[in-house]
Amino acid sequence: MDGIIFDVDGTLWDSTDVVAVAYNRILEAYTDRPTRVTSDDLKKLFGKPMDEIFAQLIPTYPKSEQLRLAELCFEQEDLELQKTPGREYPGLRETFRALAKKHPLFIVSNCQKGYIELFLEKTGLGDCVKDHLCFGETQTSKGQTILTLMKRNGLHSPVYVGDTRGDADACEEAGIPFVFAEYGFGDVEDPDYRISCLGELDRLF
């Protein structure tokens, strides 16, 4: 194993309560969506590429308008998370610092540009992560984004830690083992490994 690649939402922290506030501010101001977005709604959607999320949130709107509103939501999300960061899962900082002494750490997410940077700023873990990449930069599937990060960092046998079926499918596409964070947002029946808390990673690797 020459590296550990992490998902963010549902794996390292949970920002859905705060993001729901941000999205609702924009959707209430600019759309006729009849119901509010909830944290539970976002838990079911997070992990998908951002364009797919907004296609599901406001499906009757043209693609161009979905993307315009998504950008407004991302701007509002950044403002809200600057004030109220996501809820870190127990042991995040200690586990990351312990792992970083033994393995190169990376992040790949289906999020927008700037989100991983905000996460690293708010958790103070920027010095532990060697590189990161997201859908907002690549506009490709998560599996292809993982492969892009692997290529530019010379990785041949990393593992990926995530919490959804989409993460497992991305690992299959990239040809790398999947570690299922079973405390997160999704359910995966047949992962290569599974953990019930972040601290188990230090013992697993």
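Me: In which helix do Arg165 and Asp169 both lie?
Reply: The model is a predicted one, where local features need pLDDT of at least 70, side-chain atom pairs count only at pLDDT 80 or more, and totals for chains, interfaces and linings use all residues. Residues are numbered from 1 along each chain as its sequence is written, and side-chain values use heavy atoms, with hydrogens and water left out. Helices (DSSP runs of H or I, at least four residues) and strands (E, at least two) are numbered from the N terminus. Arg165 and Asp169 are four residues apart, about one turn of the helix, and the helix that holds both, residues 165–174, is α9.

Me: At what N to O distance do the side chains of Arg165 and Asp169 meet in a salt bridge?
Reply: A salt bridge needs a side-chain nitrogen of Lys or Arg within 4 Å of a carboxyl oxygen of Asp or Glu. Relative accessible area (1.4 Å probe, protein chains only) classes a residue as buried under 20%, exposed over 50% and partly exposed in between. Arg165 at 34% is therefore partly exposed, and so is Asp169 at 39%. Their side chains meet in a salt bridge with an N to O distance of 3.2 Å.

Me: How many residues apart in sequence are the parts that Asp190 and Arg165 tie together?
Reply: The side chains of Asp190 and Arg165 form a salt bridge at 3.1 Å, N to O. Arg165 lies in helix α9 and Asp190 in the loop between β7 (178–181) and β8 (193–195), so the pair ties together parts whose separation in sequence is 25 residues.

Me: Is Glu80 buried or exposed?
Reply: Glu80 meets Lys83 in a salt bridge of 3.6 Å, N to O. The two sit three residues apart in helix α4 (residues 63–83), so about one helical turn separates them. Lys83, with a relative accessible area of 59%, is exposed. Glu80 has a relative accessibility of 7%, so it counts as buried.

Me: Which residues are linked with Asp7 in a network of salt bridges?
Reply: Side chains of opposite charge can pair when their charged atoms come close. By the distance rule, the count comes to 16 salt bridges. In one network of them, Asp7 is linked with Lys142 and Asp167.

Me: What is the phi of Gln139?
Reply: Gln139 is placed in the loop between α7 (135–138) and α8 (142–153). Gln139 counts as exposed, because its relative accessibility is 54%. The residue is not a glycine, yet its phi is positive, at about 55°.

Me: What radius of gyration does the chain have?
Reply: The chain has ten helices and eight strands, and its C-alpha trace spans about 50 × 30 × 30 Å along the principal axes. The radius of gyration is taken over C-alpha atoms, and the globule rule is 2.2 Å times the number of residues to the power 0.38. For 205 residues a compact globule would come near 17 Å, which agrees with the chain's value of 17 Å.

Me: What share of the contacts with a separation of 6 or more comes from residues 24 or more positions apart?
Reply: Of the 205 residues, 52% count as buried. Contact means heavy atoms within 4.5 Å. Among contacts with a separation of 6 or more, the share from residues 24 or more positions apart is 65%.
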